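Please keep the sequence and the model in view while reading.

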Amino acid sequence: DATHVFRCFAAGLRYDIKVATFMILPSLALTLVSFHWPLGALHRRVRWFTAWVLTIGFVLGFAMDVGYFREFHDQFDHRVFGLVFDDRWAIAQTIWKEYPVIWLLVLMVGGCVGLMFAGRAVWRKLSQRCQPPMALAVGGARFITPVLIVVFAVFGLRASFGRRPVQQKDAAVTTDPFLNKIVVYPFLAIRYAFH
């Protein structure tokens, strides 16, 4: 039903906002510093290094999550620790036999490279066309804008404007178990499993 799918996407967006805020924290911190001490090339390097690491991490994470979901019909949960503490050699052999590992690796590497080049091209076009207004960095705005950035970052990390941050139980937004399982981001699912 369309209402359940909409609820699933709306709830998933909250978790996405939380993860996205965590991802941009290094660049955000340097942005706050650069309101008073311009960092130039250092900021650019940190941003691109973070983008590369996250792109590789997310492509690998989502590929593993799809395989995990196919095997266990769930996001990463407590069973993921069996992959770490169980017989790793037997697990590796099973994965090698069950999945086209070489083709998956080729697709993941191609996906990472493609995403990075596409992202860089899109970023260049956007940064040329959409310059932030200078009014945000001069006069009193030099102090107000960083405060607003911190406030929005705190809301992003909490993924909530309410009294409590988004929690694992907030993923149960529909009566469909499958939709509820795909609401949480794979990396948050590992975090919840760890806790």
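**A surface tryptophan and the overall fold**

Tryptophan 96 is located in helix α4 (residues 88-98); helices here are DSSP runs of H or I with at least four residues, strands are runs of E with at least two, and both are numbered from the N terminus. The model is predicted, so local features need pLDDT of at least 70 and side-chain atom pairs count only at pLDDT 80 or more, while totals for chains, interfaces and linings use all residues. Residues are numbered from 1 along each chain as its sequence is written, and side-chain values use heavy atoms, with hydrogens and water left out.

**Overall architecture**
- The protein has eight helices and zero strands, in the order α-α-α-α-α-α-α-α from the N terminus.
- Its C-alpha atoms fill a box of roughly 60 × 40 × 35 Å along the principal axes.
- Of the 195 residues, 28% are buried, a term for under 20% relative accessible area, with exposed meaning over 50% and partly exposed lying in between (1.4 Å probe, protein chains only).
- Among contacts (heavy atoms within 4.5 Å) between residues at least 6 apart in sequence, 71% join residues at least 24 apart.

**The nonpolar patch**
- Tryptophan 96 has a relative accessible area of 54% and is therefore exposed.
- Together with Ile102, Trp103, Leu105 and Val106, Trp96 forms a nonpolar surface patch with about 590 Å² of accessible area.

**Histidine 43**
- Histidine 43 lies in helix α2 (residues 41-72) and counts as buried because its relative accessibility is 11%.
- Its side chain makes a polar contact of 3.4 Å with the side chain of threonine 31; the term denotes N or O atoms within 3.5 Å, one able to donate a hydrogen and the other to accept it, and residues adjacent in sequence count only if both atoms are side-chain atoms.

**Serine 160**
- Serine 160 sits in the loop between α6 (141-158) and α7 (177-181), and is buried because its relative accessible area is 9%.
- A polar atom of the serine 160 side chain lies 2.9 Å from the backbone oxygen of arginine 164.

**Cysteines**
- The count of disulfides is zero, a disulfide being a pair of cysteine sulfur atoms within 2.5 Å.
- Cysteine 8 is buried at 7% relative accessibility, and cysteine 112 is buried at 8%.

Methods: Patch = residues over 30% accessible without salt bridge, like charges linked within 9 Å, V, L, I, M, F, W, Y side chains within 5 Å. Areas by Shrake-Rupley, 256 points an atom, 1.4 Å probe, with all protein chains shown as cover. Salt bridge = Lys/Arg side-chain N within 4 Å of Asp/Glu carboxyl O.
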